[in-house]
Amino acid sequence: MGNIIDETQWEISRLIPISGMRSVAEQEQRATSALLAVLSSVDEFGHVISKSFGAPKGKLQTFIEVPFELEDGRKVRPDGVILIRKGKRQWAALLEVKTGTNELDRAQIESYLDVAKEQGFDCVVTISNQISRIPGQHPVTVDKRKVRRVSLHHISWSRILTEAMLQKSHRGVSDVDQAWILGELIRYLQHPNAGSIDFSDMGEHWVSVRDAVKNGILRSNDKYAIEVAGKWEELLSFVVLQLGRKLGADVQERLTKKERDDMGVRIANILSSMVNKGKMPGTIRIPNTVGDISLTVDLRAQQVIASVTIDAPKLGKNKTKVNWLLRQLKTVSYTHLRAHETREDRVCRLVREKK
């Protein structure tokens with residue numbers, strides 16, 4: 001009998017390899033091909049992704065780098081095509097994919113919208129590491145005339161990874177082999193070589209804007225402040241995705257109807273709060289919890305404050321209400337107690353001060 005083989009340092013063979021990528025173009029091609037192959041192979045995952053673009057539930061087919069020629073002679077080659085047939089109904093989408101730090105190009109997107117209109121496609125879908133600041137809004141502004149008959153959608157790699165993890169670990173995949181395939185996509189997207197990047201920083205002007213707020217000199221027309229406000233909204237969107245992955249729940253950012261309909265309104269509200277209060281506000285809603293999480297960055301105090309507001313009992317004496325509050329705070333650690341003050345004393349004092 002030969003020596004025992006030690007395979008612990010060997011690279012395990014994978015369905016979707018991450019080694020050997022020599023260029024950004026190859027990175028995008030491999031990511032596109034891997035994603036589309038899994039969309040067409042894992043039924044539940046394919047449906048949950050495609051339905052967000054308005055697709056019907058049906059047999060899903062995918063193709064990569066399909067060439068088209070426009071009526072004006074332009075030749076374009078979208079990164080992929082999704083085709084779904086259900087009975088006599090047909091739904092089709094063109095895909096544009098970016099990885100790493102590459103950002104979507106307006107001219108390229110508009111050329112695909114032209115193809116979609118001429119060829120009878122339902123929509124154009126873009127995928128990149130850019131996170132839509134407001135759900136449902138595209139990160140790139142295009143000519144509105146081009147989206148009258150063809151819809152435009154965007155999904156980030158972070159969102160795709162989140163949906164894949166939720167589907168595999170929480171919603172479930174009925175077929176064992178399909179579940180394994182989805183797991184291979186998750187492993188691939190989590191690897192640095194895949195080009196799937198999560199939110200990394202607040203931008204190059206973060207420090208100067210933060211200092212301007214602390215010194216009380218920030219103005220509402222500061223273009224860098226507008227950029228930071230947008231970055232804060234992106235960070236909130238990323239936090240929502242991360243919480244969704246960990247909790248297996250449909251976590252959402254809570255916005256007003258005006259903010260959801262118009263990203264400019266949301267950014268303006270953040271900017272106003274930065275200028276007038278020195279704070280960047282946000283609210284996160286987790287299903288089946290006692291209340292929304294208020295998340296605030298206090299730039300002047302250099303603090304991040306997370307809080308949940310819930311209604312106290314409306315019946316009973318004041319002592320009963322205070323005792324109820326104390327029961328909710330049994331495991332809370334107080335770091336700002338006055339000398340010789342117990343937790344109970346502090347709560348009673350805060351109640352009196354509130355009155």
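This is a predicted model: local features need pLDDT of at least 70, side-chain atom pairs count only at pLDDT 80 or more; totals for chains, interfaces and linings use all residues.
In soluble globular proteins, nonpolar side chains tend to be buried together. The largest nonpolar core of the model comprises 38 residues, and Phe 45, Ile 127, Leu 182 and Leu 185 have the most contacts inside it. Two or more residues are given to this core by each of the helices H1 (24-41), H2 (43-51), H4 (157-171) and H5 (176-189), as well as by the strands E4 (80-86), E5 (89-97) and E6 (123-128). The greatest contribution, 7 residues, is that of H5. When neighbours within four places in sequence are left aside, Leu 182 is in contact with Val 38, Val 42, Phe 45, Ala 164, Gln 167, Lys 168 and Val 173. Another core, of 26 residues, lies apart from the largest one and includes Val 228, Trp 232, Ile 270 and Met 280.

Helix H4 consists of 15 residues and spans 19 Å from its first C-alpha to its last, close to the expected 21 Å. Among its buried residues are Trp 157, Ile 160, Leu 161, Ala 164 and Leu 166, together with Ser 158, Thr 162, Glu 163 and Gln 167. Just after H4, a positive phi of about 100° is found at Gly 172.

Two packed helices are described by the angle between their axes and the distance between the axes. The axes of H4 and helix H7 (residues 223-247) come within 9 Å and cross at roughly 15°. Because angles under 35 degrees count as roughly parallel, H4 and H7 are roughly parallel to each other. Their crossing is left-handed. On the H4 side, the contact is made by Ser 158, Arg 159, Leu 161, Thr 162, Met 165, Leu 166 and His 170; H7 contributes Phe 238, Leu 241, Gly 244, Arg 245 and Leu 247.

Key: Residues are numbered from 1 along each chain as its sequence is written. Side-chain values use heavy atoms; hydrogens and water are left out. A nonpolar core is a set of buried Ala, Val, Leu, Ile, Met, Phe, Trp, Tyr and Cys residues joined through side-chain atoms within 4.5 Å. Buried means under 20% relative accessible area, exposed over 50%, partly exposed in between (1.4 Å probe, protein chains only). Helices (H or I, at least four residues) and strands (E, at least two) are DSSP runs, numbered from the N terminus. Contact means heavy atoms within 4.5 Å. The expected span of a helix is 1.5 Å times one less than its number of residues. Axes are lines fitted to C-alpha atoms, for helices over the stretch in contact, and angles run from 0 to 180 degrees between N-to-C directions. Angles under 35 degrees count as roughly parallel, over 145 as roughly antiparallel, 65 to 115 as roughly perpendicular and the rest as oblique. A crossing is left-handed if the near helix is turned anticlockwise from the far one by less than a right angle, and right-handed if clockwise.
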